[in-house]
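Here is a friendly briefing to read alongside the model.

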Amino acid sequence: MITDAAYRELQETLGAENVSREPAVLDGYTWQPFTDILGLPDSWCRYRPAAVVLPGSTEEVQEVVRICGRHGLQFKAMSTGWGAWNAMGGENTVQIDLKRMNRILEIDEKNMYAVVEPCAVCSQLQAEAMKKGLNCHIIGAGCGSSPLASATSLCGYGWSGLTTSYSARNVLGVEWVLPDGEVLRIGTPGQDAGWFNGDGPGPSLRGAMRGFMGACGGLGVFTRCAVKLFPWPGPEEPQVEGLLNDVTAEVPDTHAMFLIAFPDLQRWADAAYSVADAEIGYMMCKNAIGALVATMMPRGLKELTRFAVFKDILKTLRYQFQFLVCARTPREFAYQKAVLREIVEECEGICLDVSKLPGLHDAFWWGFVRAAMPPLIFRMGGTFGTSYGALEGFDHPAYQSQEGARLKSQYTETGRLMDDLADNSWGGIYEGSTGFGHQEELYVYDPRDSAQLEAAEDYLAGTLVDTAAKKLGPGLGFAGGAIVAEIFGPLIGDYHEWLRKIKGAFDPDNVSDPAFYVSPDPEKLIAEEMANRPGMAQSLLSVMGEEDTP
Amino acid sequence: MALQDMERDMAGCSRCSSCKWIPHNQVKSWRFAQGCPSSTRYSFHAYSGSGKMIMGLSMLQSRSELNDDVAGIIYNCQLCGSCQVSCQVYRDDIDLSDVLLELRAKCVEDGFLILEHMEMLQSMKKEDNPLGMLKADRGRWAEGLGLPEIGGRQVEVLFHAGCRYSYDEDLRGTVRGTVSLLRDAGIDIGVAGKDEACCGGRAYELGYQGEMRNFADDMAGRVKASGARTLVTACSDCYYTFMYLYPKNGLDLGVEVLHITELVGRMIEEGRIEPAGEVPMRVTYHDPCHLGRRGESYKEGWSGGDKLLRPVRFKQSGRLGVFDPPRDIIRALPGIELVEMERIREYSWCCGAGGGVLEAFPEFASWTAGDRLEEAAATGAEALVTACPWCVRVFRDAVTERGMEMKIYDVMELLASSLGGA
Amino acid sequence: MTAKSDCVKIVGEESVLADKKILASFARDDGGSQGSPPACVVKPRSAEEVREIVLMANARGYALVPVSSGEPHSRGDTVPATEGAVIVDLSGMKRVLRMDRRNKVAMVEPGVTFGELRDAAAQEGLRVLTPLLPRPSKSVLGSALEREPMLIPKYHWDMTDPLMCVEVVFGTGDVFRTGSAAGPGTLEEQWAVGCAQKNPMGPGQTDFLRLVQGSQGSMGIVTWGTVKLELLPGVEKAFLVTADEFGALQDFAYTILKFKLPDLCLILNGAALGAITEKGGGDMPPWTLAYSISGYTYMPRERVEYLEKDVADIASAAGVKPARTAGDVDAGELARMMGAPCPPPHWKTRARGACREVFFLTTLDRVPAFLAAVDGEMSAHGFDARDLGVYVQPIRQGTGCHLEMDFFYDPGSEEDTRKARALHEGVSRACIEMGGFFSRPYGGWADLAYGRAPDAVAALARIKDILDPRGVMNPGRLCFGKEG
C-alpha cells in the first residue's frame, strides 16, 4: 500500500498522468514469464507494486527514489521489464517504469560506443549503429531487450558474443542514481570527460555496480550508460523483407551461414577451441535441433517426438553450432571459409553451407544478426525456462550441456516437460580468441498448465542440487533471486556476505528492492522462501548442506 | 464470444513486449521503431496489447475491477492491430485483437461507457451513421452523377461509400470522382443512395457488438436488392467489417467484396483504365490499418481449445491484407515517385482515427497522426497518399494543426487527377 | 613487540628484511616520490602467510604496502605514506601454478615476471599479453592489477584484461577468490569439470576483481591470478607507417583497429621510437605507427597474406604507406623487441638519464588537442620539445587509448629536474582540465582526479570501508586517508 501523501508527492513530481495505483494497471507489472524460478503456481508474481511511476529524466528518478525513502517505500526500476526477476519483493514497492527514458543519446562512430537511456532497445540501437558500420551486443533474450538493462543490471550472453562479448564486459561510462537519490557517474562521465571509459580513477566502481549478474534493481537505478560497439562488416541499411522465418534479404557476398555438426561431445568442444584459436567467425552458437524444429514447426515436433526413430535421427545433429561468417572483404571471406572447413575436417564433423539452402539462409542470417528470433521459443509450449549456463573455458559448458540433457530427459521422457529432445542447450563461445563460452539448458512448458509449471520448478531445483553436488559453475542460477545467494554463498567463498555489505553501504535503509540481489535480513528471507515454496524447500536445503571451503 | 473465451490467449502472454514495437526484424531506426500508438503515447504497460491482455485476465480472475480509469485505457486504443501482427510473429496461440474487442464488449456490458461513443451509437441507431448527420442527407454525395440506385435496376457492382465519405464534404469529391471513373470505364455500378447505412463495424469495435447485426442484415438486404455480384467500398473500416467482422460473426454477404483500390488496380492491370496525365510528385503511401493488416479476411474453419495445436493457416497474421493494389495504382501514374516510409504494410503505424479514438480522444488521434506525418516527412515526400477517408480526415486536420506543408490525398484523387478528373 | 618481530613469527627470520639501507630505499622511488621508511620488509611465500600478515596488521595497526615487482619503482604506490609500515614484498612468490594451453590461461603468483612467464608460455606455444617494454623485474600480476595497457589492442576486450580471476586477501584478512574461481569447489574440483578460472566476473552480483584492480594495493593483496594468454604467431609480419603529423595516422589506425586486423598496434613519436630502438638519433620520423599481422595455427601464411593485402587497401584509402622499415628501424626487429622485457637501462631513461611521465586515457581523435596543449606547456616551461617522448597505445579494441608523454631530463641537472617537475605538474593539470582521464592516479594525480569526482570518492570510501575497514592496506593512496 502507498499512502495518499506519498502518492500525492509522486504525482506532484511527475505529473498525475505518470503515476498510477490502479490495480489493473499494476497487474501489468505483476504478470511475468519464468515464475518457475519463484516457485509460483502461475504467472502472477507474489506481490503487486504499490504504485507505478514513469519518470522522464534522471532528476525525476532521483526525486522518486527520495520520496520512496521518505515514506518507507521500496522501489524497483525496470526497463523493458521482461521476466520474473522484475517481480516486486514485497508489498510496499514502487515500480519505476523507465519507458519514457528511451533515447540513444550518442553514437560515437570512431570510438565505437553508444550512450543509451534505459528503454532504447537493441533493435533500435543496432539499426542506428549499422548506419555507422557498427553493431551492438544483443543478449539471448533478443533485440527487444534494453542494452542498458543487460549491461548494468542483468546478465547477458548474446548470439554474436564471439564478436560482441558479454553485456557486462561492454559497459563504459554509467550514470547511476543511488538508493539515497544521489547521482554517481562511473568513469569518464564522473569527470565530464565523455563516456568512453567506465573504470577508474583507481578501483572500478563497475565492480560495485554489478558482477557476472546484475543487482536486478536492488542497488538503485541506472539512467544512462555507454556501451561498447563492434564492427559490422555488412550493409548500413540492410534490405530485408518479411517478418521472421519468411525473411528475404540482400545478404552480402562475404557473409554466409553454416551448420557444423560433430560426432561427439569431445570433438564438438574441440571445434569450439579451434575456432577460438583460429580467430574466425562472426557468431558461433548452438541452437539445438529440437529448439529449431520446435520454433519453426512446433506441431511437427510434437508429432515427430512420438516416434523414437525420428528422435534418434534428430539427435544425431545434437553436437552442432550455427556458424556465421561476416567478412569485411572477399579475401577474408575465402580465408575464413577455408579455415572453417579445415577445423570441421580435423574434428571429423560435417559442414553444411546454409547459403545453399534456398528459403532458409536469409532468415537465418538476419534472424541471428538482428537476434529477433528468441521469443519464438514461446511458440512450442507457451513459455520456457533456462538452467546451468556458467561462463568458463568451453569444456565446462560442454560438461554442463550433458548434465542438463541428462537431468531433463527424466522430465521430457515422462511427459512432464515438453519433449524438446532433452538436448536443448543454447550458447556458444565468446570474445574471439578468448574462447570462453556457455551452454544453458532450456526447457519448454505451458505455464497455463500447473502440472507442467510444477515440473519446471522441480527440474530447476534439481539443477541447483546438481550444480552444488558436482561443483559446477552456478551460471544463470544467479538470476534466481536473493535466496540463491544464501544457498550458494557458503559454497562460493561466502560472496553473499560481501554483497550484503555492499548493499548495506550503498542502501542502508534497504530502499532499493533487494529481491533479486541480496537480502539484508537473510533469516527472514529464508523463512519466507521456505514458507512460500515448500515443494522446493527440501532441494534448496540439500544444497545448503553441501560443504566447501574454497 | 466473450472475454472469458479468451482466457487462454490472455494467460499465454509472455510479456515480451513485442506488441509495442513493429516486428523487430523491420526496425530501421530509433525514431520509427514503435508500433503501438497507445503504448508509445501513454507508456504504462497497461496501454500495450500485452498490458490490456493482463488487465483482462486480472479482471476475469477478480484480481482487479473494471472502472472508468480502466475503461479509459481500453478505449485509448485505435484497434489498429499492430500489436496482433507483432505478437503473431512469435505466437500461434494468442489472438490479441480479439481480446481487445472483447474487453470493449465487457466495458459496454458492465456499463463503463464513453460519452462520445454513446453519442455515436445514438446517431447510428437514429440516423444510420456515427457522425451525428441526418440519414436524409446520406445520398447527397452522389447527387447529379446519375448513378442507378438500388430499388431501381440491377447492377453488377454495388458501391458502398461508407459514412465518412458520404458526409464529409471535404472528401466527397474523392468518391464522386471514383464512381465516375468507374462508370466511365464501363463498370455497371450502382449505389444505395439515401438508403445506404453504416456497416455497423464501428459499433462492434466500440463494444456494442450486438448492434452490428442489424446493420449487417440491412447491408445484406441492400446487396441483395442491388443484384450486384460485387460489393465495392472506398472505406477501409467498412472493408474490414465486411472481410473480418461479418464472417467472424457468421454473417455472409454472398458477394465478392473489394476495396476500391483492388477493383481499380485490377482494371489498370487489364488496361481498362489508363492513367495518362502526369502527376509530378514525390509521394509516400500510408497503409490504412483496416485495409491492410486488419483487412485480411477472416480465417474460418478451425475450432479447438488449445490454439497451440492450431495450424498456422488459421492465424490472422495480417500479412494478407490489401497492401499492393494502392501502390500499384500510384506506380501506374506517370511522373509520380513513390517512396516508402519505414513502417509499412502489416507493420504500418496507425493514422490515429480508429477504434473510436478520433471521436473520444481527439488529442491522441492527432498525436498519432502527427507521428506518422513526421515519418512521411522524413522520406522527403511532398504528399502522403492513403486509401481511407478516416485516415485522410485525421491527417488533413493534423497537418493544419501543425502548419505542415505535407499534402494529403486519397489514392483515388491522384488517379482522377491523372485521368483529368476532379 | 615490533612489526619486524611480528613478521618474523609468521615468515621466519630469513624472510624479514630490516636493513636500514633497504628500508631507506623504499622511502622514495625513481619517480621522485618521498615517503617514510618502512619498519620492515616481509617476504611471504604463500597465501596463508599473506593472510596472517594482514591479520597481524589489523591487530597491531600496521600499514601494509604490497609490492610485487622488483626495483626500480617509480610511480609512488610502493612508497609508504605513513610511518612504521610493512612492505609486503611478493616478488618471491614466483610459481607458475598452472599453464593451460587449451584454455590459453596461466595461473601465476605475484612474483612472476614477464620474462619468466614468457618463457613458460612459449613452451606451450603461447604468448603473454605485455605492456610496452616492461622492466625485467616487472610482475605480470602487478602490471595487470594496475591496468597497464597492452600492446595488442584486439585482445583487450575490457579494462580488466588480461586478468581473469584472482585469489585475494582483503584488508580484513579474508581470503577470497574472484570470478569463476570463487566456486563451488576447490580449484582441483573445478579443473575436473573443465573449468579454467577464466570468467573474470563475479561471483554473483559484484565484480570483486574490479574493486581490487587499480587500487594500488589499498584493498587487499593478490596471491595468485589467472591471466589470459594468446597463441604465439606461426607467421608474423610487422610494418611501420610514418607521418609528419599524428593526425595523418588517425583514419588508418581507427580502421585497422575497428576490424581487429593488427596484433601489435601502437604509435610513437620520434623521440620515443629513438629511445626504444636506440637508433636514428634525431632522424626519426615525427610519428610512427607500428603494427604487426599474424597467422596462428590454422593456415597462418594465408592469414598473413590476406591481411597484408586488406591492410594495404586500407592504407591506400587513408593515404599512408606501410613499410617494413623506416630509416634505420626495422619493423620486424621492433616487434621482436616488444615481445620481451626491456633490457636496462629502461628506454625512458636512455636519452637523458631520467623521465617524468604523464599518462591518462582518452580517445585517438583527441590526441592532437592534448599534444597541442603539451606543446604550449613545454614552451612555457622552456622545455626542449626534442626531449618529449610520446607513446599512444590504443586500448579496448580501439575504443580508447592510453596517451603517455614522457619528459626526458637530466637528473644531474637541478634546472632540468626542476623544469621537468614543473612541466609534469603543468601538463597534468592542463590535460585533466581538457578531459584527460587519469584512470590510474598515482601520486599527485590522485588529488587532481578525485577532486573532480566527489561522487566516486564517496562511493570508493564505502568500498574501502568494507574490504579494508581498518585502513591497513597502503594508506594514503588514491582518495583514501593516511589514517586507518
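In this predicted model, the second largest cavity has a lining of 26 residues.

- The space inside the second largest cavity comes to about 440 Å³.
- Three helices each give at least two residues to the lining of this cavity: α6 (161-164) and α12 (330-346) of chain A, and α10 (300-318) of chain C.
- Sorted by class, the lining of the second largest cavity holds 14 nonpolar, five polar and seven charged residues.
- For context, the structure contains 18 cavities of 30 Å³ or more.

**How the chains meet**

- Two pairs of chains are in contact, and chains A and C are the pair that shares the most contacts.
- Chains B and C do not touch, and their nearest C-alpha atoms lie 23 Å apart.

**Chain C against chain A**

- This contact draws on 98 residues of chain C and 99 residues of chain A.
- Together the two chains bury about 8100 Å², with 58% of that area on carbon and sulfur atoms.
- Within chain C, the residues that lose the most area to chain A are C:Trp157, C:Gln205 and C:Tyr298, which together account for 12% of what that side buries.
- The rule finds 13 salt bridges across the interface of chain C and chain A.
- A salt bridge joins the side chains of C:Asp310 and A:Arg331, at 2.5 Å from N to O.
- Polar contacts between chain C and chain A number 47 residue pairs, with both residues at pLDDT 80 or more.
- On the side of chain C that touches chain A, helix α16 (residues 454-467) gives the most, with eight residues.
- That side of chain C is made up of 42 nonpolar, 29 polar and 27 charged residues.

**Chain A against chain B**

- Here 61 residues of chain A and 56 residues of chain B take part in the contact.
- The area buried between chain A and chain B is about 4600 Å², and 54% of it is on carbon and sulfur atoms.
- Which three residues supply more of the area that chain A buries against chain B than any other three? They are A:Trp31, A:Leu243 and A:Arg448, with 18% of that area.
- Six salt bridges cross the interface of chain A and chain B by the rule.
- A:Arg448 also forms a salt bridge with B:Asp93, side chain to side chain, at 2.6 Å from N to O.
- Across the interface of chain A and chain B there are 31 residue pairs in polar contact, both residues at pLDDT 80 or more.
- Several elements of chain A each supply at least two residues of the side that touches chain B, among them α4 (122-130), α10 (298-304) and α13 (361-370).
- By class, this side of chain A comprises 29 nonpolar, 14 polar and 18 charged residues.

**The second largest pocket**

- The volume of the second largest pocket is about 890 Å³.
- Its lining has 42 residues, and B:Thr40, B:Arg41, B:Tyr42, B:Ser43 and B:Phe44 are the ones nearest the centre of the pocket.
- Elements from two chains contribute at least two lining residues each: β1 (19-20) of chain A, and α2 (37-42), α4 (68-75) and α16 (362-378) of chain B.
- The lining of the second largest pocket splits into 14 nonpolar, 13 polar and 15 charged residues.

**Backbone details to check**

- The peptide bond from C:Glu71 to C:Pro72 is cis, with omega near -5 degrees, and C:Pro72 sits in the loop between β3 (64-67) and β4 (86-89) of chain C.
- The bond from C:Gly183 to C:Pro184 is also a cis peptide bond, with omega near 5 degrees, and C:Pro184 belongs to the loop between β9 (175-177) and α6 (187-192) of chain C.
- In chain A, A:Lys471 is a residue other than glycine with a positive phi, near 60 degrees.
- A:Lys471 is located in the loop between α16 (450-469) and α17 (482-488) of chain A.

Notes
Residues are numbered from 1 along each chain as its sequence is written. Chains are lettered from A and ligands numbered from 1 in the order in which they are written. This is a predicted model: local features need pLDDT of at least 70, side-chain atom pairs count only at pLDDT 80 or more; totals for chains, interfaces and linings use all residues. Side-chain values use heavy atoms; hydrogens and water are left out. On a 1 Å grid over the protein atoms alone, a cavity is a set of points where a 1.4 Å probe fits but cannot get out, and a pocket is an open set with protein on both sides within 12 Å along at least five of seven lines; lining residues have an atom within 4 Å of a point. Grid points are joined across faces, edges and corners, and a volume is the space filled by probe spheres set on the points. Helices (H or I, at least four residues) and strands (E, at least two) are DSSP runs, numbered from the N terminus. Ala, Val, Leu, Ile, Met, Phe, Trp, Tyr, Cys and Pro count as nonpolar, Asp, Glu, Lys and Arg as charged, and the others, Gly among them, as polar. Contact means heavy atoms within 4.5 Å. Buried area is the accessible area (1.4 Å probe) that two parts lose on being put together, summed over both. A salt bridge is a side-chain nitrogen of Lys or Arg within 4 Å of a carboxyl oxygen of Asp or Glu. A polar contact is a pair of N or O atoms within 3.5 Å; within protein, one must be able to donate a hydrogen and the other to accept it, and residues adjacent in sequence count only if both atoms are side-chain atoms.
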